[in-house]
Amino acid sequence: MTTIDAHTGSYSGIADLTVALDNGVLGVTFNRPDSLNSLTASMLNTFAATLERAATDPRVRVVRIGGAGRGFCSGAGISEEDHANPGAAGTPADVLDAANRAVRAIVNLPQPAVAVVQGAAAGVGASLALACDVVLVSEKAFFMLAFTKIGLMPDGGASALIAAAVGRIRAMRMALLAERISAADAYGWGLVSAVYPVDEFDAGVEKVIATLVSGPAIALRNTKDAINAATLTELESALEREKRGQLALLESHDFREGAKAFQQRRPANFTDC
């Protein structure tokens with residue numbers, strides 16, 4: 001879990017999640033680049049605990065959420081490594097609970113949360129990015145709800161977060177077809193705040209964060225609260241509905257087949273009806 005040094009007041013993460021506070025900006029970075037920052041229950045709970053702590057920390061004016069390496073986050077881990085270490089990864093129910101806690105922590109955070117997406121944001125990784133208040137992406141970034149490819153349904157509040165941003169039909173397209181949505185399309189749909197060329201990405205991110213850090217904290221907080229209250233009325237019920245549905249699907253033949261097919265790099269043969 002995230003800890004606070006009693007003498008310095010500094011934040012400390014874990015190996016898979018780095019945390020640092022610098023000049024009002026709390027940087028939280030998913031740090032499993034070899035798996036495109038796939039998530040475990042431990043990572044998600046540490047992430048949530050960090051934001052819950054930041055919510056009452058007057059030193060934090062903005063939270064910057066990113067991923068190490070070439071991706072933002074590929075979602076919950078279903079790799080052979082994750083399956084070989086279930087204690088570290090957490091049970092499916094553990095991961096769902098931790099993901100829901102993480103999404104709630106982002107949305108309930110008084111300070112602006114900025115997602116910095118340089119590559120893939122898939123599965124619950126997309127949910128975490130889109131729960132943020134400002135979503136800044138590189139032209140190489142993409143979003144994907146890949147759940148149906150392995151016999152599952154979107155979770156992490158995606159059914160509410162994405163529909164609130166782009167409407168029912170586009171949300172259905174993303175969720176049912178599991179298509180890869182490019183940065184340009186995501187911007188055109190209203191899914192993200194801005195898209196930058198690769199060589200301008202870092203400077204663009206820093207400019208936005210500097211604007212927020214120097215902005216009026218109370219006005220920003222009240223603005224965030226008002227917009228979320230108007231647009232995310234279904235988020236809490238979506239989180240609970242998705243959890244119930246996902247836990248049932250995780251027991252299905254189609255999921256077992258989908259996960260096996262994913263690991264074996266072959267098309268899945270779904271048979272449940």
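Start with H10, residues 217-231, which gives six residues to the lining of the second largest pocket, the most of any contributor. The model is predicted. Of the 22 lining residues, Cys132, Asp133, Val134, Ile227 and Asn228 are the closest to the pocket centre. Colour the lining by class: 15 residues are nonpolar, five polar and two charged.

Next, select Phe30, Phe47 and Phe72, which ring pairs link into a cluster. The model has three aromatic pairs in total. Zoom in on Phe30 and Phe72: their ring centres are 5.8 Å apart and their planes lie at 85°, so this pair is edge-to-face, as planes over 60 degrees apart are. Phe30 belongs to strand S4 (25-30), whereas Phe72 is in the loop between strand S5 (62-67) and helix H2 (80-84), so 42 residues separate the two in a link between distant parts of the chain. Phe30 is buried, at 0% relative accessible area, and Phe72 is buried with a value of 0%.

Then show Arg180 with Phe142. The charged end of Arg180 sits over the Phe142 ring, 3.6 Å from the ring centre.

Finish on helix H4, residues 92-108. Its 17 residues reach 24 Å from first C-alpha to last, close to the expected 24 Å. Select its buried residues, among them Val95, Ala99, Val103 and Ile106. Residues three or four places apart in an α-helix point the same way, because there are 3.6 residues a turn.

Notes: Residues numbered from 1 in each chain as written. Predicted model: local features only at pLDDT ≥ 70, side-chain atom pairs only at ≥ 80, totals over all residues. Heavy atoms only, no water. Helix = DSSP H or I, 4+ residues; strand = E, 2+ residues; numbered from the N terminus. Expected span 1.5 Å × (residues − 1). Buried < 20%, exposed > 50% of the residue type's maximum accessible area, 1.4 Å probe, protein only. Phe/Tyr/Trp six-rings, centres within 6.5 Å; stacked < 30°, edge-to-face > 60°. Lys NZ or Arg CZ within 6 Å of the ring centre and 35° of its normal. 1 Å grid on protein atoms, 1.4 Å probe; cavity = no way out; pocket = protein on both sides within 12 Å on 5 of 7 lines; lining within 4 Å. Nonpolar A, V, L, I, M, F, W, Y, C, P; charged D, E, K, R; others polar.
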